[in-house]
Amino acid sequence: MIEVSAPGKIYLYGEHAVVYGYPAIACAIDKRTTIKAKELKNNEIILEPKDLGFRSLKIKQNQNKEIELPNKEIKKLDYIKKSIKKIFTEYNTKTGLKLEIKSDLPVGGGLGSSATVVIATLYATKEILGLNTPKEKIAKMGYEVEKEVQGEASPCDTFTTTMGGLTKVRKDKELKNKKPPQIPLVIGSTGKKSPTKKLVQEVKELKGENPGIIKNLFKTIEEITKRGEKAIDKGDLEKIAELMNINQGILDALGINNQKLSKLIYYTRKNGALGSKITGAGGGGCMVALGEKKEKIAEAIKLANGEPIKTNLTNEGVKIN
Ligand code: MEV
């Protein structure tokens, strides 16, 4: 039996734009998805999710390494199934597995929980198979799995979860990470689902109908990300926050905001946050507020009917516990 875990993450700048090749800055957080994995000699795959919204189940593999799903509606299961298949196909092997999965990340999502499940599944499976797969390759396979499940995706979630730390990602051009900065953050969860696939599709449609406008918005996000990187390097909290607020305005223009998230964003800005914005796909999920007065910000999140999640940024990517 081995145990691996992978961290969730927040976006400081650039979600959605990153899907179209613009840069984003994200950071791993100290809330993790953990998988206990055991090899089974009979080729069965047994999943025991502790808190992923579905019950324990057995999934079948046939000769072609096809893993048959009992219920296609279970999204997380699709991520797990495709991750296992990916690694079996890549290395032309297979095995029986029992995976026990639990997560500190909020059920509504927004903190990259799908990527944590994908990366922890890939890592646990490669450990069970005794493979010497470098982390960069795990991140790449994870990105391919996300693309298969979601239709469109960027490598940002899977790279950040794999490598940890503060990451800058630009599709096919740049994937780098470094130690996380000292930035005081509080996350606010709406408790509502953030359906990444649907939201990415909606932004795609908006872009299709208004190509010039959306391109300009993405270019502005690119400029925000560039300036944000400099502000982070200087430790200039006010600038980092101001740029988060401008990025939030654009996320609103992209149509991924809603009343619940807005309430959290404006309550926190009125109560100690220098800056606050949606993190991730939006439509529900989470927002993130920057400010030294963490208690006051957490109270504001509660007042706005959200759940505060006190968190620290972490350098630890996927690892064996
Ligand atoms: C979702 O966590 C972030 C998005 O940019 C999608 C992606 O990058 O794959 C909305």
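In this predicted model, a polar side-chain atom of Asp 157 lies 2.8 Å from an oxygen atom of the ligand. The protein buries 97% of the 300 Å² that the ligand exposes when taken alone; accessible areas come from the Shrake-Rupley method with a 1.4 Å probe, and for residues only the protein chains shown count as cover.

| Residue | Part of the residue | Distance to a ligand oxygen atom |
|---|---|---|
| Asp 157 | polar side-chain atom | 2.8 Å |
| His 16 | polar backbone atom | 2.9 Å |
| Tyr 11 | N or O atom in the side chain | 3.4 Å |

The residues surrounding the ligand include Lys 9, Glu 15, Val 18, Ser 154 and Gly 280, where a residue is near a molecule if one of its heavy atoms lies within 4 Å of it.

The protein as a whole contains 9 helices and 13 strands; these are DSSP runs, with helices (H or I) of at least four residues and strands (E) of at least two. Of its 321 residues, 58% count as buried, that is, under 20% relative accessible area with a 1.4 Å probe and protein chains only. Along its principal axes, the C-alpha trace spans about 60 × 40 × 35 Å.

Residues are numbered from 1 along each chain as its sequence is written. Because the model is predicted, local features need pLDDT of at least 70 and side-chain atom pairs count only at pLDDT 80 or more, while totals for chains, interfaces and linings use all residues, and side-chain values use heavy atoms, with hydrogens and water left out.

Conventions. A polar contact is a pair of N or O atoms within 3.5 Å; within protein, one must be able to donate a hydrogen and the other to accept it, and residues adjacent in sequence count only if both atoms are side-chain atoms. Buried means under 20% relative accessible area, exposed over 50%, partly exposed in between (1.4 Å probe, protein chains only).
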